[in-house]
Amino acid sequence: MAVYRPLPFVHHLLTKHLKSASYVIDATLGNGNDARFISTILQRNGKLWGFDIQKQAILQARAKIGSTACLTNIIWDGHHHMFTHLEKYQGKIDCVIFNLGYLPHGDEAITTTLPTTYSAILQAVCLLRQKGIIIIVTYPGHPNGIHEHTILANLFTNVASHNFFISTYAQINNDKNPPHVFIIEKR
């Protein structure tokens, strides 16, 4: 059995969970790596929506995704507005992925924040179908990231298990605050 680093583990989860006709939200497009990976899984009937607040991220994601078989809609808006854009898909989304923190190779002062992330997670729960998943990657290695990670971890431990199955994946023998992956399955 192979032990995955956090980001390959996320891609493994996506490969196992998504089907060619899945509906997926990339709540934090960033450089477009997750969106590109997801678009290779989805086919003609699949749909991918991506959100980001930074024009640089939007342009990079569009370039990486290119022309794919799945319908891709990139939205220049914060993830905390996803329900406004996707309300008609309530209960139909297969997966929502969050890669929290700042844009790699971008302005590290522009980060996700707990209030908008929390709002986006609540909206994602409303959009998710039964047995759909939310994947959240936190980065506790920077000041805002440790705050976001700690609060979310505490919040998730108090969610009723009959509604959601929540687990975490992280390297525990690394003192450099590696990324943590939270997986939420709607029951």
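Modeller: First, the classes: Ala, Val, Leu, Ile, Met, Phe, Trp, Tyr, Cys and Pro count as nonpolar, Asp, Glu, Lys and Arg as charged, and the others, Gly among them, as polar. By that scheme the lining of the largest pocket has twelve nonpolar, 19 polar and two charged residues. Keep in mind that this is a predicted model, where local features need pLDDT of at least 70 and side-chain atom pairs count only at pLDDT 80 or more, while totals for chains, interfaces and linings use all residues. Residues are numbered from 1 along each chain as its sequence is written, and side-chain values use heavy atoms, with hydrogens and water left out.

A pocket here is an open set of points on a 1 Å grid over the protein atoms alone, where a 1.4 Å probe fits, with protein on both sides within 12 Å along at least five of seven lines; lining residues have an atom within 4 Å of a point. The largest pocket holds about 690 Å³ of space, counted as the space filled by probe spheres set on the points, which are joined across faces, edges and corners. Of its 33 lining residues, Asn99, Leu100, Tyr102, Leu103 and Pro104 are the closest to the centre. Helix H1 (6–17), helix H2 (33–41) and S2 each supply at least two lining residues; helices (H or I, at least four residues) and strands (E, at least two) are DSSP runs, numbered from the N terminus.

Now for H2. Its buried residues (under 20% relative accessible area, 1.4 Å probe, protein chains only) are Asp34, Ala35, Ile38, Ser39 and Ile41. Seen down the axis of H2, they fall within an arc of 150°, so they line one face of the helix; the arc is taken from the directions from the helix axis to the C-beta atoms. An α-helix has 3.6 residues a turn, so residues three or four places apart point the same way. Those buried H2 residues pack against H1, strand S1 (23–26), S2, helix H3 (55–65) and S4, with contact meaning heavy atoms within 4.5 Å.

The second largest pocket holds about 160 Å³. Its lining has ten nonpolar, no polar and no charged residues, including Tyr118, Leu155, Phe164 and Ile184.

Notes:
Buried < 20%, exposed > 50% of the residue type's maximum accessible area, 1.4 Å probe, protein only.
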